[in-house]
Amino acid sequence: MLRGDLVPDSTYDQRLLDRKGPTDWLHMDPWRVLRIQSEFVEGFGSLANLPAAVTVFGSARTPRDSAEYELGVRVGHALAKVGYAVITGGGPGVMEAANKGALEADGVSVGLGIELPHEQRLNEYVDLGVEFRYFFVRKTMFVKYSSGFIALPGGFGTLDELFEALTLVQTHKVTSFPVILMGSEFWAPLVDWVRTTLAKTGKISPSDVDLLRVTDDPDEAVQIILEADRHRTGA
């Protein structure tokens, strides 16, 4: 109920149907809520029928002729061969490599892109792609539809996803969810810091270090995820 000076000069219907006037309302928080809701609905609708999937992270800057790119292809291929869909951020570099490996193995290759200030299209090896405006909606999709995360060498974006996943596992927000680091030489300093600084000073429990699994073998990474799935389902 509004009285006195609080009574607006026009009704909601008038403001809705009037084609003139400012468009600032398009960028206001209430409208953003609807956009966020629509992104969740689109993501859930697009991914609901996926088979079991694994998300692969890694640098968008990895060149195609590098060993890390080749490792990404092998990871995507190995996952697809045992029936996992491969989800990436849909960009170039390691993401493209994993999508390529999945597609070449006749698997399901998924890219969840994000709107960025610089243009970045979904790579050519994505056969199911969804673009998002909001990072937190995209992150929800990564976790909701994945049986585990595999992180290849990457930058801030990869580290962001890595530590978010570790936090969810540590706090039991997700269960039976392996987090695997591939590229032992690249990740060794980080794992050492987690062990000798975080755990040693009591910032995390000693057992939390074991949440990180490190390997250079795609087949071993796949076996870790398969074992976690069997444990989760009791198979």
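Helices here are DSSP runs of H or I with at least four residues, strands are DSSP runs of E with at least two, and both are numbered from the N terminus. By that count the protein chain has eight helices and seven strands. This is a predicted model, in which local features need pLDDT of at least 70, side-chain atom pairs count only at pLDDT 80 or more, and totals for chains, interfaces and linings use all residues. Residues are numbered from 1 along each chain as its sequence is written, and side-chain values use heavy atoms, with hydrogens and water left out.

Of the 235 residues in the protein chain, 43% are buried, meaning under 20% relative accessible area with a 1.4 Å probe, protein chains only.

Now to helix α8, residues 218-233.

At the N-terminal end, D217 caps α8, with a side-chain oxygen 3.0 Å from the backbone nitrogen of D219. After α8 comes G234, with a positive phi near 75°.

Which residues of α8 are buried? They are P218, A221, V222, I224, I225, L226, A228 and D229. An α-helix has 3.6 residues a turn, so residues three or four places apart point the same way. The cover over the buried residues of α8 includes α3 (67-81) and the strands β1 (53-57), β5 (149-151), β6 (179-182) and β7 (212-215).

Technical notes: Buried means under 20% relative accessible area, exposed over 50%, partly exposed in between (1.4 Å probe, protein chains only). Contact means heavy atoms within 4.5 Å. A polar contact is a pair of N or O atoms within 3.5 Å; within protein, one must be able to donate a hydrogen and the other to accept it, and residues adjacent in sequence count only if both atoms are side-chain atoms.
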